[in-house]
Amino acid sequence: MNNVVKGIIALIISSLGFSLMSLFVKYSGDLPTVQKTFFRNFISMLIALALVLYYRESLFGKRENQGWLLLRSGLGLIGVLLNFFTIDRMVLSDADILNKLSPFFTIILCAVFLKEYIRRFQIISIIVALLGAIFIIKPSFSSDTYFALIGVLGAVFAAGAYTVLRILGSREKFYTVVFYFSFFSTVALLPFFIYQFEPMTMTQFWLLILSGVFAAVGQFGLTIAYSYAPAKEISIFFYSTILFTALFSIIVFNEVPDMLSILGYVIIFAASYYMYMKNRPKKLKVAGKKKR
């Protein structure tokens with residue numbers, strides 16, 4: 001099994017984990033965004049801590065990587081806060097697909113900051129995906145448009161975090177990266193969590209615990225995936241989450257996306273699929289040469 005295949009499997013598992021996280025976050029009801037985010041990161045921190053201790057690795061990584069770890073954590077925390085804010089205020093599948101614009105932004109950021117080559121078809125795909133997002137955002141002066149734009153901004157910050165993961169992938173163990181991010185987020189949110197805390201029912205408490213567990217699954221899968229392969233080669237598989245969240249939206253919340261949103265989903269997925277297929281022939285040719 002080569003690294004690209006490993007990355008694909010990890011990304012699909014990650015997508016399911018993040019979809020379940022979103023489900024439990026929304027289902028936990030009317031609680032402050034900071035409170036939900038705190039639980040998500042605190043539980044992930046405990047799981048990552050157990051793995052770091054088990055493998056006897058560094059909790060906070062190497063000294064020379066501290067700047068990258070801090071940057072990844074800061075960008076990731078802002079991305080999660082904006083994503084949770086959007087999940088609570090939009091149709092679940094709409095909020096999720098806007099967050100899934102992050103692979104397109106990741107390609108742009110990797111090209112700008114990591115000097116990864118970006119080809120013309122990737123630029124076309126990015127433009128088409130952004131056009132698809134317009135059908136979901138439905139620009140107007142309404143609060144729904146405002147919430148959708150916050151969702152897009154969250155995707156930009158998430159893309160920044162994923163770009164840094166490309167740097168850290170070969171420098172730090174994935175569980176060290178996840179622990180660092182979760183610890184940073186927990187400490188940063190603690191004062192706000194205490195100030196804004198609202199009493200919870202036992203059901204809400206366990207829903208937030210589950211959101212943290214599946215966030216860890218998603219985070220581990222994502223960190224592993226982008227350490228195995230560049231975003232441009234595997235990012236299409238991150239869109240398996242569209243199916244998961246659409247089903248959750250309909251079955252659990254009885255939220256059926258309107259036709260414009262569905263059209264936006266199709267356009268964004270088509271853009272990602274096109275980009276994937278344009279990458280694929282090149283890999284097949286290389287494989288054919290090796291057999292000879």
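This is a predicted model: local features need pLDDT of at least 70, side-chain atom pairs count only at pLDDT 80 or more; totals for chains, interfaces and linings use all residues.
Close-up 1. The largest cavity takes in about 220 Å³ of space. If you want to find its centre, look for Phe18, Arg40, Val80, Asn99 and Tyr162, which are the closest to it among the 19 lining residues.

Close-up 2. Who builds the lining? Two or more residues each come from α1 (3-27), α3 (66-87), α4 (92-99) and α7 (143-168). Helix α3 hands over the largest share, with 6 residues.

**Close-up 3. A nonpolar patch on the surface.** Now for the outside of the model, where Tyr27, Leu243, Leu247, Ile250, Ile251, Val252 and Val256 make up a nonpolar patch. Taken together, these residues have about 690 Å² of accessible area. Helix α11 (residues 240-253) is the top contributor to the patch, giving 5 residues.

Close-up 4. Ile250 sits in helix α11. Is Ile250 buried or exposed, or something in between? Its relative accessible area is 40%, so Ile250 counts as partly exposed.

**Close-up 5. Lys26 and Glu255, a salt bridge.** Side chains of opposite charge can pair when their charged atoms come close. The model has 2 salt bridges, and one of them joins the side chains of Lys26 and Glu255, at 3.6 Å from N to O. Lys26 belongs to helix α1, while Glu255 is in the loop between α11 and α12 (259-291), so this pair ties together parts that are 229 residues apart in sequence. Both Lys26 and Glu255 are buried.

**Close-up 6. Asp88 and Lys36, another salt bridge.** Here the side chains of Asp88 and Lys36 meet, with 2.8 Å from N to O. Which parts of the chain does this pair tie together? Asp88 is found in the loop between α3 and α4, and Lys36 in helix α2 (residues 33-54), so the bridge links parts that are 52 residues apart in sequence. Asp88 is partly exposed because its relative accessibility is 24%. Lys36, at 0% relative accessibility, counts as buried.

Terms used
Residues are numbered from 1 along each chain as its sequence is written. Side-chain values use heavy atoms; hydrogens and water are left out. On a 1 Å grid over the protein atoms alone, a cavity is a set of points where a 1.4 Å probe fits but cannot get out, and a pocket is an open set with protein on both sides within 12 Å along at least five of seven lines; lining residues have an atom within 4 Å of a point. Grid points are joined across faces, edges and corners, and a volume is the space filled by probe spheres set on the points. Helices (H or I, at least four residues) and strands (E, at least two) are DSSP runs, numbered from the N terminus. Patches are made of residues with over 30% relative accessible area and no salt bridge: like charges are joined within 9 Å, nonpolar side chains (Val, Leu, Ile, Met, Phe, Trp, Tyr) within 5 Å. Accessible areas come from the Shrake-Rupley method with a 1.4 Å probe; for residues, only the protein chains shown count as cover. A salt bridge is a side-chain nitrogen of Lys or Arg within 4 Å of a carboxyl oxygen of Asp or Glu. Buried means under 20% relative accessible area, exposed over 50%, partly exposed in between (1.4 Å probe, protein chains only).
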